[in-house]
There are 2 protein chains.
Amino acid sequence: MASVTPVKGHGDSHGPAPPLLRLLALSTQALAQLLHHRLAVAGFDDQRPSDDAAFAHIPPEGIRLTELARRAGVTKQAMAEVVASLESRGYLERSLDPSDGRAKLIRFSERGWASVAVALDALQEIEGELVEDLGRPRVAGLRSTLSTILDRHGA
Amino acid sequence: MASVTPVKGHGDSHGPAPPLLRLLALSTQALAQLLHHRLAVAGFDDQRPSDDAAFAHIPPEGIRLTELARRAGVTKQAMAEVVASLESRGYLERSLDPSDGRAKLIRFSERGWASVAVALDALQEIEGELVEDLGRPRVAGLRSTLSTILDRHGA
DNA sequence: CGAGTTGGTCAAGAGGCCTGACTAAACTGA
DNA sequence: TCAGTTTAGTCAGGCCTCTTGACCAACTCG
């Protein structure tokens, strides 16, 4: 639930301080855009927003649809759709699960692994740039503050 | 562009540190959910995710559809849909713009204002809780770090 | 006035999610 | 063993958000 569009509340620039949630949402959006752009530059220009939900939860050894859906917090029908799209675009492969005739194992393809590598690299670069801009302590502080917030209110 | 789903990149809990973007996305989602819940409790339980995009950009004196769409970064058709929905649910009113026969002014209704007030209140409460949990300096630091990020890479 | 611009709507479609209904395989236990 | 239940995945239909393309009506300006 709760997609993360900017945020309710007054919007305009000055006057009252912008809500913290707004700052979070916009920052997230900004960094996500940087990642998306880097992926596109590296040849992965067909990424859909919903792909992440699958990508982020596929372990190296593969996973079944139902479990993947559970981890991502969506229905298996929704995840099936995403996986089908990723498969058709060459990021994933599905094979029969030898240990269960009903199940299929979802795994990264070569291209899938390549895109993961690029993404991880890009994320590290982005964080590196932040360290340059803000200094290491502030980035570390950001990281730790967000972690604490997630511990308290986390999904 | 760029909806903000968790984030691409490895996903699983431990091992390498989770990407900063992931922390940001999850934190945003967590706080957004808190806001959504508080609105629901206060009687505004029919909020759609897309509503925020409109709400966040409507000034007190009203605004035209095209300008609202431009500010929110969506097409006017998309914004028209959202506004129609909000109007039908009693959050907005549309009246003819006296200065231009083509245009209509979009403004908050009584109920719309009430929901804005509740939202602003809730946001302040949420930030207050964060201050309790993390201490004022860390929240201030978070705010300032995010602001700096937005200055650099902002939308 | 006539040409071009601008505010808004209509129509069609894609993407991403949901619920409900269903098939087939696997487990379970008398 | 074999009926009954659970589990993996698919199919069908629908809602919501957003897009492009086509269009009309009103405004602007030479």
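Predicted model: local features only at pLDDT ≥ 70, side-chain atom pairs only at ≥ 80, totals over all residues.
α3(A) packs against α4(A) at an angle of about 105°, and their axes are 9 Å apart. An angle of 65 to 115 degrees counts as roughly perpendicular, and the two helices α3(A) and α4(A) are therefore roughly perpendicular to each other.

Next I looked up which residues make this contact. From α3(A) I noted Leu65(A), Thr66(A), Leu68(A), Ala69(A) and Ala72(A). They meet Lys76(A), Ala78(A), Met79(A), Ala80(A) and Val83(A) of α4(A). By class, I have 8 nonpolar residues, 1 polar and 1 charged in the contact of α3(A) with α4(A).

I then checked the loop between α3 and α4 of chain A, where Thr75(A) is found. Is Thr75(A) buried or exposed? I found 12 other C-beta atoms within 10 Å of Thr75(A). A residue counts as exposed at 12 or fewer, so Thr75(A) is exposed. I also took the C-alpha to C-alpha distance from Thr75(A) to Leu65(A): 9.8 Å in space, for 10 residues apart in sequence.

**Chain A overall**

I listed the elements of chain A and got 6 helices and 3 strands. From the N terminus, their order is α-α-β-α-α-β-β-α-α. Chain A has 155 residues, of which 37% count as buried. I looked at contacts in chain A between residues at least 6 apart in sequence, and 39% of these join residues at least 24 apart.

**Chain B, the corresponding pair**

I turned to α3(B) and α4(B), whose axes cross at roughly 105° and come within 9 Å. That makes α3(B) roughly perpendicular to α4(B). On the α3(B) side I noted Leu65(B), Thr66(B), Leu68(B), Ala69(B) and Ala72(B). On the α4(B) side the contact is made by Lys76(B), Ala78(B), Met79(B), Ala80(B) and Val83(B). The class count for the contact of α3(B) with α4(B) is 8 nonpolar, 1 polar and 1 charged.

**Nonpolar core**

Which residues touch the most other members of the largest nonpolar core? In this core of 70 residues, I found them to be Ala54(A) and Ala54(B). I followed up Ala54(B), leaving aside its neighbours within four places in sequence. Ala54(B) is in contact with Leu68(B), Ala72(B), Met79(B), Val82(B), Val83(B) and Leu86(B). In soluble globular proteins, nonpolar side chains tend to be buried together.

**DNA strand C**

I counted 24 residues around DNA strand C. The closest are Arg48(A), Ser50(A), Ala78(A), Gly101(A) and Ala103(B). Two or more residues of this surface come from each of α4 (76-88) of chain A, α3 (65-72) of chain B and α4 (76-88) of chain B. α4(A) provides the largest share of the surface near DNA strand C, with 5 residues. I sorted the surface near DNA strand C by class and got 8 nonpolar, 7 polar and 9 charged residues.

**DNA strand D**

At least two residues of the surface near DNA strand D are supplied by each of α3 (65-72) of chain A, α4 of chain A and α4 of chain B. Which element gives the most to this surface near DNA strand D? I found α4(B), with 5 residues. The surface near DNA strand D divides into 8 nonpolar, 7 polar and 9 charged residues.

Key
Residues numbered from 1 in each chain as written. Chains lettered and ligands numbered in written order. Near = placed C-beta within 6 Å. Helix = DSSP H or I, 4+ residues; strand = E, 2+ residues; numbered from the N terminus. Nonpolar A, V, L, I, M, F, W, Y, C, P; charged D, E, K, R; others polar. Core = buried A, V, L, I, M, F, W, Y, C linked by C-beta atoms within 7 Å. Buried ≥ 20, exposed ≤ 12 C-beta atoms within 10 Å, placed from the backbone. Contact = placed C-beta atoms within 7 Å. Axes fitted to C-alpha atoms, helices over the stretch in contact; angles between N-to-C directions. Parallel < 35°, antiparallel > 145°, perpendicular 65-115°, else oblique.
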